[in-house]
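Please look at the structure below with these numbered points beside you.

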Amino acid sequence: MTDNQDVSLEWMSTDEEPGPQVDLRPEIPHPARMYDYYLGGKDNFPADREAAEKVLALSPLVRLSAQANRAFLQRAVRHLAELGVDRFVDIGTGIPTVGNTHETAQLVLPDARVAYLDNDPIVLVHSRALLAGAGRGTVTVRQADLREPAAILADPVVRDLLDAGQPVALLLFAVLHFIDDADDPYAIVRQLVDALPSGSYLALSHATGDFTDPAQAAKGPMVYRSATAQLSLRSKEQVQRFFDGLELLEPGLVTAPQWRPEQAPTAEDAEIAIWSGVARKP
Ligand SMILES: C[S@@+](CC[C@H](N)C(=O)[O-])C[C@H]1O[C@@H](n2cnc3c(N)ncnc32)[C@H](O)[C@@H]1O
């Protein structure tokens, strides 16, 4: 594929229509809508708010963590674009909000291409409405499950991004903690990273219970049991393993506000319960 216009047209034609019959299931808490609530968004229902408030009662820092995660996403994407990366595969996209991946990347590289993938049909409905017309055909939204990496890699949009042999940024922000150990998240990440051209990047963030006493930390995942995805908190060492074989960029694996901050981090920032890092594939 050499001509941008052709790429755009093909992407448009291969994009999946979620269809008008998507069941929003407002009575079941959805992690994407709970996250939207933490961020102060309006794309959520009473069941989402109720579950989110339960989590906030257990850990008031969750809201700050969500905001810090989002800010990390923007700094990481901007940094990657400044390094010249103009291809992004963003899995676990979430409901669009201010400073989405494509907006951030395209501020630096206007033709940056972004494939958004999420397994929640609700995210797709919101994304398609909010991203309609965005990015001049360089932005695609797909329904895909991170637990099925082979299907993701077989997706024509993802293949098109990977096949040129140019560096690609694989973004897994705040999504791996929804992958249970039984689904082997390490094998999933390895399979995806193996498919990236050399010089590509993996950027991820992951919720942790490292700063909470264990009994308290166990309660967060319990609230998510009633939701459509379960929460698996992981320690710094466990998150570090996702980067095996890759070269972590400075400052390494740190809490979200500590990753290349724009302002001097506070003492509280060191305990924001989101491990964050960006690494290069040699
Ligand atoms: C907390 S939001 C993160 C949004 C965005 N990446 C960010 O960091 O701001 C998590 C997203 O992951 C999605 N998700 C959860 N499990 C997933 C899976 N197995 N495959 C794909 N997406 C998943 C949810 O639907 C939700 O939109």
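1. Helix 4 (residues 61–82) and helix 5 (residues 101–108) pack at an angle of about 35°, and their axes lie 8 Å apart; helices here are DSSP runs (H or I, at least four residues; strands are E, at least two) numbered from the N terminus, and axes are lines fitted to C-alpha atoms over the stretch in contact, with angles running from 0 to 180 degrees between N-to-C directions. This is a predicted model, in which local features need pLDDT of at least 70, side-chain atom pairs count only at pLDDT 80 or more, and totals for chains, interfaces and linings use all residues. Residues are numbered from 1 along each chain as its sequence is written, and side-chain values use heavy atoms, with hydrogens and water left out.

2. On the helix 4 side, the contact (heavy atoms within 4.5 Å) is made by Leu73, Gln74, Val77, Arg78, Ala81 and Glu82, and helix 5 brings Thr101, Thr104, Ala105 and Val108. These residues divide into 5 nonpolar, 3 polar and 2 charged, where Ala, Val, Leu, Ile, Met, Phe, Trp, Tyr, Cys and Pro count as nonpolar, Asp, Glu, Lys and Arg as charged, and the others, Gly among them, as polar.

3. Which residues line the largest cavity? A cavity is a set of points on a 1 Å grid over the protein atoms alone where a 1.4 Å probe fits but cannot get out, and lining residues have an atom within 4 Å of a point. The lining consists of Val89, Ile91, Ile152, Leu153, Val158, Leu162, Leu170, Leu192 and Leu196, which divide into 9 nonpolar, no polar and no charged.

Terms used:
On a 1 Å grid over the protein atoms alone, a cavity is a set of points where a 1.4 Å probe fits but cannot get out, and a pocket is an open set with protein on both sides within 12 Å along at least five of seven lines; lining residues have an atom within 4 Å of a point.
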